[in-house]
Amino acid sequence: MRSLSEKIAAIAPSATIEISNAAKKMAQEGVDVISLSIGEPDFDTPVHIKEACIEALRRGETHYAPSTGIPALTKAIAEKLTRENGFSAQQDEVIVTCGAKDAIYEAMEAVLDPGDEVLILDPSWVSYEPCVRLAGAVARHHALSTGTFQVDDTLLEAVGPRTKMIVVNSPSNPSGAVLDEASIRLIADICRDHDLYALSDEIYEKLVYGKEHISLASLPGMAERTITVNGFSKAYAMTGWRIGYAAAPRPIVRQMEKVQQHTISHPTTFAMFGAVAAIEGPQDCVEAMRREFERRRGYLVPALRDLGYATAPAEGAFYAYVKVEGDDMAIARSWLQDAHVAVTPGAAFGTPGWLRLSYATSMENLKEAVGRIARV
């Protein structure tokens, strides 16, 4: 039998999904596991979004669509970005993808060549580096201060002659940190001075607590070099719908479209009509979910600190990032086996010695989980 791909063999599986699968297996065996390991809202998709999808099915919207997405959705996204994010986006500068993760992968393929280097700010989401490597490029990691989780002048030292892109994620998965204006401006200055692309992952933009989300593309000179990635999974509780998008200069979108045409063709047609309803319909459902996440955050972070754990700022998203003493993977395994609480080790995000706890679950589960952790 011939060998399999060495490129794929060298890429580690997703640690977040691996831990989640282990927790699900224990649950199937009858163990009462509380999973704080995966970033999935525990809310149902709002009714008006589901109804728009159902109506699309009834109308027979079950056929091929344009490869960049149905016009109603690309138009709605362009208008949303112009209205809410502070930079002008045209309809032909938008591509709808099979989730935000697909947008990130397509952007890497569209922009990077073998040997190019991409700066990733740690702690960082687990799939950035694999997407870089799948595109044949090289990931270079730059550690943020674990005191502030903001960008400082040390990022200048990380830029090298082969650097082509910086990946920015604010609000952050896993830390929950929201980059402030000084950090965003510093990243923009570096991109302009060194002629770099930026990939700005803003999937958690609507889940912010007491701070302001700033889109990188809204800064002067950045719209022409920024790929803004977003989606519907987190803000609208639409994880299973697999609808994301990217906005970028037309040449980049055209490259991404070629990748899409030869892989997924386009996202599911009728699901895109639900996404139109998400953007154009009432937004009170988003604010209601945000407030509930904030309430859970208000319980979990102080509760963890009462147990003696230091945490990252938790200014956005729905994660508490917790500093632990010792091997984070061993501690995560111990919490799962002994306390039946599933969390994700920080080593998966490039920062050993931390654990990520998702509070995208009920308050009842959070309180029970804290009690179990206290007894380990």
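Reader: What is the order of the strands in the open sheet, and what kind of pairing does the sheet have?

Author: In this predicted model, the open sheet has 7 strands in the order S2-S8-S7-S6-S5-S3-S4, and the pairing is mixed. Neighbouring strands of the sheet are turned against each other by 20° on average, with direction ignored.

Reader: What makes S2 and S4 edge strands?

Author: Strand S2 (94-97) and strand S4 (138-143) each have a single partner strand, so one side of each is left without a neighbour in the sheet, and that is why they stand at the edges.

Reader: How do you know that S2 and S8 are paired?

Author: Two strands pair if at least two bridges are found between them, and 4 bridges join S2 to strand S8 (residues 244-247), the two running antiparallel. Within S8, the residue that stands opposite Ile95 is Ala246.

Reader: Which neighbours does S7 pair with, and in which sense, parallel or antiparallel?

Author: S7 pairs with S6 in the parallel sense over 4 bridges, and with S8 in the antiparallel sense, also over 4 bridges.

Reader: Why is S7 called mostly covered?

Author: A residue counts as buried under 20% relative accessible area, and 6 of the 6 residues of S7 are buried. Both faces of the strand are covered, with Thr226, Thr228 and Asn230 buried on one side and Ile227, Val229 and Gly231 buried on the other.

Reader: Which helix packs on the sheet, and which strands does this helix touch?

Author: Helix H9 (residues 250-261) packs there, touching S2, strand S6 (197-201), strand S7 (226-231) and S8, and the direction of H9 makes about 25° with that of S2.

Reader: Why is H4 called roughly parallel to H10?

Author: The axes of helix H4 (residues 71-84) and helix H10 (residues 269-280) come within 9 Å and cross at roughly 25°. Angles under 35 degrees count as roughly parallel, and therefore H4 is described as roughly parallel to H10. The crossing in which H4 passes H10 is left-handed.

Reader: Which residues make the contact of H4 with H10, and how many are nonpolar?

Author: From H4 come Ala72, Leu73, Ala76, Ile77, Lys80 and Arg83, and from H10 come Met272, Ala275, Val276, Ile279 and Glu280. By class, this contact has 8 nonpolar, no polar and 3 charged residues.

Reader: What makes H11 roughly parallel to H13?

Author: Helix H11 (residues 284-306) and helix H13 (residues 363-375) pack at an angle of about 5°, with their axes 10 Å apart. Since angles under 35 degrees count as roughly parallel, H11 is called roughly parallel to H13. In this contact, Arg295, Arg296, Tyr299, Leu300 and Ala303 of H11 meet Met363, Leu366, Lys367 and Val370 of H13, which by class gives 6 nonpolar, no polar and 3 charged residues.

Definitions and conventions: Residues numbered from 1 in each chain as written. Predicted model: local features only at pLDDT ≥ 70, side-chain atom pairs only at ≥ 80, totals over all residues. Heavy atoms only, no water. Axes fitted to C-alpha atoms, helices over the stretch in contact; angles between N-to-C directions. Parallel < 35°, antiparallel > 145°, perpendicular 65-115°, else oblique. Left-handed = near helix turned anticlockwise from the far one by under 90°. Contact = heavy atoms within 4.5 Å. Nonpolar A, V, L, I, M, F, W, Y, C, P; charged D, E, K, R; others polar. Buried < 20%, exposed > 50% of the residue type's maximum accessible area, 1.4 Å probe, protein only.
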